[in-house]
Amino acid sequence: MTLVDTLAFALMLTGALFAVLASIGLVRLPDAYCRLSATSKATPFGIGLLLAGASLALGDLDFAVRSLLVVVFLGLTAPVAAHALGRAAHRAGIPPSRDTTQERP
């Protein structure tokens, strides 16, 4: 196994872990607003790392350019989609959950 293969494996493994953490956050977080935070941040980062690792493993410049375009597109659209979903949840009257783990003065 070469250094490039090891780096590609590490990038893809880290990206997969971020994607798994985002999906766990989607299931475990208490309300729609918190779930938006988990999915809109961790998922594009995880997919970006997966694509970077795949680009490095394949060594194809054309694939790397297309992967970079996908990452840029996700980076631009994920926050907009999260904002639209949050606004729709707010307009539908979905209340934020009350956090009972912290005492407020």
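Ser67 is buried, with a relative accessible area of 6%; buried means under 20%, exposed over 50% and partly exposed in between, for a 1.4 Å probe and protein chains only. This is a predicted model, in which local features need pLDDT of at least 70 and side-chain atom pairs count only at pLDDT 80 or more, while totals for chains, interfaces and linings use all residues. Residues are numbered from 1 along each chain as its sequence is written, and side-chain values use heavy atoms, with hydrogens and water left out.

Ser67 sits in helix α3 (residues 61–91). Helices are DSSP runs of H or I with at least four residues, numbered from the N terminus. Leaving aside residues up to four places away in sequence, Ser67 touches Leu51 and Ser55, where contact means heavy atoms within 4.5 Å.

His90 is also placed in helix α3. At 61% relative accessibility, His90 is exposed. Between His90 and Val72 there are 28 Å in space, C-alpha to C-alpha, and the two are 18 residues apart in sequence.

| Residue | Relative accessible area | Class |
|---|---|---|
| Ser67 | 6% | buried |
| Phe18 | 28% | partly exposed |
| Phe45 | 46% | partly exposed |
| His90 | 61% | exposed |

Searching the whole structure gives one aromatic pair. The ring centres of Phe18 and Phe45 are 4.7 Å apart and the planes meet at 80°, so the pair is edge-to-face. Rings of Phe, Tyr and Trp (its six-membered ring) pair if their centres lie within 6.5 Å; planes under 30 degrees apart count as stacked, over 60 as edge-to-face and the rest as tilted. Phe18 belongs to helix α1 (residues 3–28) and Phe45 to helix α2 (residues 32–58), so the pair ties together parts that are 27 residues apart in sequence.

Helix α1 has 26 residues, which at 1.5 Å a residue should span 38 Å; its end C-alpha atoms are 37 Å apart, which agrees. The expected span is 1.5 Å times one less than the number of residues. Ala8, Gly15, Ala22 and Gly25 are buried in α1, and the cover over the buried residues of α1 includes α2.

Phe9 is found in helix α1. Together with Met1, Leu13 and Leu17, Phe9 makes a nonpolar surface patch of about 480 Å². Patches are made of residues with over 30% relative accessible area and no salt bridge, with like charges joined within 9 Å and nonpolar side chains (Val, Leu, Ile, Met, Phe, Trp, Tyr) within 5 Å. A salt bridge is a side-chain nitrogen of Lys or Arg within 4 Å of a carboxyl oxygen of Asp or Glu. Accessible areas come from the Shrake-Rupley method with a 1.4 Å probe, and for residues only the protein chains shown count as cover.

Key: Helix = DSSP H or I, 4+ residues; strand = E, 2+ residues; numbered from the N terminus.
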